[in-house]
Amino acid sequence: MRWKLLIATSLLAAAASAGVCFAVAHYLLAPATRLSAPGWVAALTLVVPLGAITYASIFVYRHTARRRAIQAAATALLSILLTLTALTLYSILARRPAREFFPAPPTKTT
């Protein structure tokens with residue numbers, strides 16, 4: 001197996017997939033919070049990562065001599081895993097802090 005090609009291609013596909021998801025969510029979906037977001041914008045967050053992962057799998061399939069199908073499937077699985085990991089970490093790290101329900105008592109000034 002060509003491990004360098006498999007790992008490098010999976011990392012690039014995952015970076016492109018997660019980057020497009022972040023960009024679409026930040027620039028296209030966030031301003032439309034008061035309005036309903038158009039359906040094509042929401043679909044774009046799913047179509048582009050699938051396209052990038054498919055392209056990476058085809059690239060690996062075409063650039064290997066043996067065990068092409070296994071390497072293409074491994075690339076797809078690794079890309080999906082890395083993309084989901086990046087999206088999960090982003091959602092955990094980028095969330096806003098919770099509001100404080102019980103504010104601190106006012107301080108007495110003299």
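Let's start with the contacts of Thr-75. Leaving aside residues up to four places away in sequence, Thr-75 touches Leu-6, Thr-9, Ser-10, Ala-56, Ser-57 and Val-60. Contact here means heavy atoms within 4.5 Å. This is a predicted model, where local features need pLDDT of at least 70, side-chain atom pairs count only at pLDDT 80 or more, and totals for chains, interfaces and linings use all residues. Residues are numbered from 1 along each chain as its sequence is written, and side-chain values use heavy atoms, with hydrogens and water left out.

Where does Thr-75 sit? In helix α3. Helices are DSSP runs of H or I, at least four residues, numbered from the N terminus.

Is Thr-75 buried or exposed? Buried, because its relative accessible area is 0%. The cut-offs: buried is under 20% relative accessible area, exposed is over 50%, partly exposed is in between, with a 1.4 Å probe and protein chains only. Other buried residues of α3 include Gln-71, Ala-72 and Ser-79.

Now the helix itself. α3 covers residues 68-93, 26 residues in total. From first C-alpha to last, α3 reaches 37 Å, close to the 38 Å expected at 1.5 Å a residue. That expected span is 1.5 Å times one less than the number of residues.

On to α1, residues 3-29. This helix has 27 residues and reaches 37 Å between its end C-alphas, close to the expected 39 Å. Its buried residues include Leu-6, Thr-9 and Ser-10.

Last, Trp-3. Trp-3 also belongs to a helix, α1. Trp-3 counts as exposed, because its relative accessibility is 53%.

Note on methods: Helix = DSSP H or I, 4+ residues; strand = E, 2+ residues; numbered from the N terminus.
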